[in-house]
Amino acid sequence: MARWIAGLDGCRGAWAGVLMDRDDPERWRTARFASVRDGLDAPEAPEIVGIDVPIGLPERIRDKGRTADNAARALLGRKRTSVFPVPPRAAVYAADYAAAKALSRERSEPPFAPSLQCWNIFRYIKEVDTLLRAEPALRTRVHEVHPEVAFFRLNGDRPLRAGKREAAGLAERRMLLEVAGLPPALVASAPPRGVAADDHLDAMAALVVARDIAEHRAVALPPDFEHDAEGLPVVIWAPAKGLEKGLEKGLEAGLGGGPDC
């Protein structure tokens, strides 16, 4: 019986999806799903899904973000990252941006307000939060990941050299995904209609983490993670560290830019 896994990344009001059979990695499919529910109910019925969206929303935020956000930023080791501090649940469910900022400041220590960029992804956060609260059984299938963290780990815990929307950055990420064991044909595949190239690769990074979760070798950030008031885990899952020899082979083959010296 096939054991399918999946990676999902939010894209333009939908979800970029990549599915793969763990027992036969050459069996894979890419798709654009209108909802997370559609991805879970796909014919492959993925048993483990890595998804780029915050899961686990504390009622109050301390120390400038969730413990998972702070652990991810500590791993990355730099101030400017795409790991945004997620505000408390009440702010995520606010009716408008002004209300979200007010509720976030009211329920965070020290007070902070979500950026407009963070506000724009609240629809994705609410979708997943609502789904996992309504169907607790799905919590063993759906797991939070972060592509920037995933690629950092696959690059030997080193920053990538180019941005994810640059040609060099896309090539670098493809090299890392191939070295991580994804089928070359999948890595080289064109994004589904309506999915940007970087979102397509981010979904593949989520797929790598899903595979490592299924194989019990993914890394939890933080290791001693907590749960929110609804019982949802506050943790970002990261892949096992990239292999230095594999990275060297990738560089020799000209697959990407590779790590800085």
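**Close-ups of a predicted model**

The lining of the largest pocket takes at least three residues from each of domain 1 (4–56 + 135–253) and domain 2 (61–133); these domain bounds come from an automatic or database domain assignment. Everything here is a predicted model, where local features need pLDDT of at least 70, side-chain atom pairs count only at pLDDT 80 or more, and totals for chains, interfaces and linings use all residues. Residues are numbered from 1 along each chain as its sequence is written, and side-chain values use heavy atoms, with hydrogens and water left out.

**View 1. Inside the largest pocket.** There's about 1100 Å³ of space in the largest pocket. Of the 40 residues lining it, Asp52, Ser82, Gln117, Lys164 and Asp202 are the closest to its centre. (On a 1 Å grid over the protein atoms alone, a pocket is an open set of points where a 1.4 Å probe fits, with protein on both sides within 12 Å along at least five of seven lines; lining residues have an atom within 4 Å of a point.) By class, you'll find 19 nonpolar, seven polar and 14 charged residues in the lining.

**View 2. Helix 7 (147–154), packed in.** Helix 7 gives the most to the pocket lining, with four residues. Eight of its eight residues are buried, so helix 7 is largely enclosed by the rest of the structure. Here, buried means under 20% relative accessible area, exposed means over 50%, and partly exposed is in between (1.4 Å probe, protein chains only). Among the buried ones are Phe151, Phe152 and Arg153. Helices (H or I, at least four residues) and strands (E, at least two) are DSSP runs, numbered from the N terminus.

**View 3. Where the two domains meet.** The centres of domain 1 and domain 2, taken over C-alpha atoms, are 21 Å apart. Across the divide, 37 residues of domain 1 are in contact with 23 residues of domain 2, contact being heavy atoms within 4.5 Å.

**View 4. Ile121 in its loop.** Look for Ile121 in the loop between helix 5 and helix 6 (122–134). Ile121 counts as partly exposed, at 29% relative accessibility.

View 5. Strand 8 (residues 219–227) pairs with strand 9 (residues 233–238) in the antiparallel sense, over five bridges; to pair, two strands need at least two bridges found by DSSP. Glu226 sits opposite Val234 in strand 9. Five residues lie between the strands, and Gly231 in this hairpin takes a positive phi near 85°.

Methods:
Points joined across faces, edges and corners; volume = space filled by probe spheres on them. Nonpolar A, V, L, I, M, F, W, Y, C, P; charged D, E, K, R; others polar.
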